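Please take a moment with the sequence and the 3D structure shown below, and keep both at hand while reading. The paragraphs that follow go from the whole chain to single residues.

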Amino acid sequence: MAYSLLIRHCGQLLTLAGGPPDRPLAGEDQRNWRIIPDGYVACEGDQIVAVGPMQELDRAQVTGGTAIVEAHGRVVMPGLVECHTHLVFGGNRAHEFQRKLKGEAYLDILASGGGILSTVRATRAASEEDLLRNALHHLAGFRHYGVTTVEAKSGYGLDRETELALVRAAGTAGHRQEVRVVRTFLGAHVVPPEFQGRAAEYLDFLASDVLPALHGVADFVDIFCEAGAFSVEQSRSYLQKAKAQGFRLKIHAEQLHDLGGCEMAAALGATSIDHCDYLTPEAAARIAHVSDGHTVAVLLPLVPLFLRQEKYAPGRQFIDAGLPVAVSTDFNPGSCPSKNLWLALAVACLKMGLTPLEAIAAVTLNAAWAIGQEQLCGSLEPGKRADILLLEVPTYQEIPYWLGENPVREVIIGGVRIER
Ligand code: NIG
Ligand code: FE
């Protein structure tokens, strides 16, 4: 069969290939994956079928029907994978920005009934149509940045009906446009007003009354393990129940305190542990060991920036300890209203010590592992979906350098060139 799409004369083809096939990239592998100078990518339909240097291109497969993208020496790489977002919510929290600038802390705003609870009120008041419209608007923003797969968490409903509506809206949004959406249930975000002082009862309610409605709908179950949200013991018991029901696990932990949530979740086989700003390198090494390199630490460098905190996850030491690292925006109305994953990548280099190649792996292949999509996306390899970016820049070194600039020239999703 002839190629349906050929991207040729790629100055640097960032394949992300060459690491171990059965686990995310860690240690040296996170920066030693294959870059092909003057390369090509060939697709048939929605799949990549060949990748290599231009001199090895099988010209017999290039026919009059082959759409050609001329890279003219620019960088070509996999579509970005955004592995941690709170995509669907009502309203915004611009009014709290002033409070933050005056020095009020994130958990203090939450304790006063604002923060996450303020978005819960706005989300409950919104219609499902409004929620869907907002989600589509934000997905268009992600598409513009070259994000081709997005993980979307619920967590601003905190009652059965609204939580299910959020999961539904994320799914519908994923089908209405090209960016793929992977769904995570975060009903255990904070304790809702109706269950004030009864956190354990709320978690029991989620496990028995809500999770059963999400089989085959949400892939992951997540919990916010933090002072002012859920304790390590509560999180353990809830995640155990979710696991017993067949869900894969995630956790928000060690964001503001070192409580031990990441290690607890990794011991349960969590696919990812997210935030990790207070996770120590020693604990990271133990997690890499106990998970046999399969649990991914999802780092969210725009969150401490936006919350005006000094402490950033020691990503450099995590990688050196053998813990695979992904990077995401954590897009949400409270702790990171930005969808700019390129900025997150650059801040991961500046504040967490990642090298540009490690950071590129963190927003592609390792991010795909963090949401169970590694068979489908995250690298340019035959058999994977043709989610491909053509950038403006000639070398990968320029990606973090043009701080926060969007380097994307062309986005291809499932072998189709996308209007942005
Ligand atoms: O990942 N930390 C908890 N949850 C979100 C923020 C949610 C919000 O502030 O609305 C996060 O940072
Ligand atoms: Fe989050």
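How far apart do the C-alpha centres of domain 1 and domain 2 lie? They lie 29 Å apart, in a model that is predicted, where local features need pLDDT of at least 70, side-chain atom pairs count only at pLDDT 80 or more, and totals for chains, interfaces and linings use all residues. Residues are numbered from 1 along each chain as its sequence is written, while chains are lettered from A and ligands numbered from 1 in the order in which they are written.

Domain 1 is made of two stretches, 5-78 and 378-418, and domain 2 covers 81-370; such bounds come from an automatic or database domain assignment. The contact between them takes 29 residues from domain 1 and 36 residues from domain 2, two residues being in contact if their C-beta atoms, placed from the backbone, lie within 7 Å. On the side of domain 1 that touches domain 2, at least two residues each are supplied by β5 (75-78), α15 (398-401) and β15 (408-413), and β15 gives the most, with 3 residues. This side of domain 1 divides into 18 nonpolar, 7 polar and 4 charged residues, where Ala, Val, Leu, Ile, Met, Phe, Trp, Tyr, Cys and Pro count as nonpolar, Asp, Glu, Lys and Arg as charged, and the others, Gly among them, as polar.

Taken as a whole, the protein has 15 helices and 16 strands, which are DSSP runs numbered from the N terminus (helices H or I of at least four residues, strands E of at least two). The radius of gyration, taken over C-alpha atoms, is 21 Å, close to the 22 Å that the globule rule (2.2 Å times the number of residues to the power 0.38) gives for 420 residues, so the protein is as compact as a globular protein of that length. Along its principal axes the C-alpha trace spans about 70 × 45 × 45 Å. Among contacts between residues at least 6 apart in sequence, 74% join residues at least 24 apart. Buried residues make up 55% of the 420 residues; a residue is buried if 20 or more other C-beta atoms lie within 10 Å of its own, exposed if 12 or fewer, and partly exposed in between, with C-beta atoms placed from the backbone.

Around ligand 1 there are 13 residues, of which I116, F224, N332, G334 and S335 come nearest, a residue being near if its C-beta atom, placed from the backbone, lies within 6 Å of the molecule. By class, this shell has 4 nonpolar, 8 polar and 1 charged residues.

S335 is also among the residues that an unreviewed UniProt entry annotates as "binding site", together with R93, Y156, H189 and Q255; annotations of this kind may be inferred rather than shown by experiment. S335 lies in the loop between β13 (325-327) and α12 (341-352) and counts as buried, with 23 C-beta neighbours inside 10 Å. Leaving out residues up to four places away in sequence, S335 touches Y106, V303, F306, L307 and D330. H189 sits in the loop between β8 (180-188) and α6 (199-210) and is likewise buried, with 25 other C-beta atoms within 10 Å. Beyond four places in sequence, H189 touches I116, G155, L158 and F224.

A285, by contrast, is in helix α9 (residues 281-290) and counts as partly exposed, with 16 C-beta neighbours inside 10 Å.
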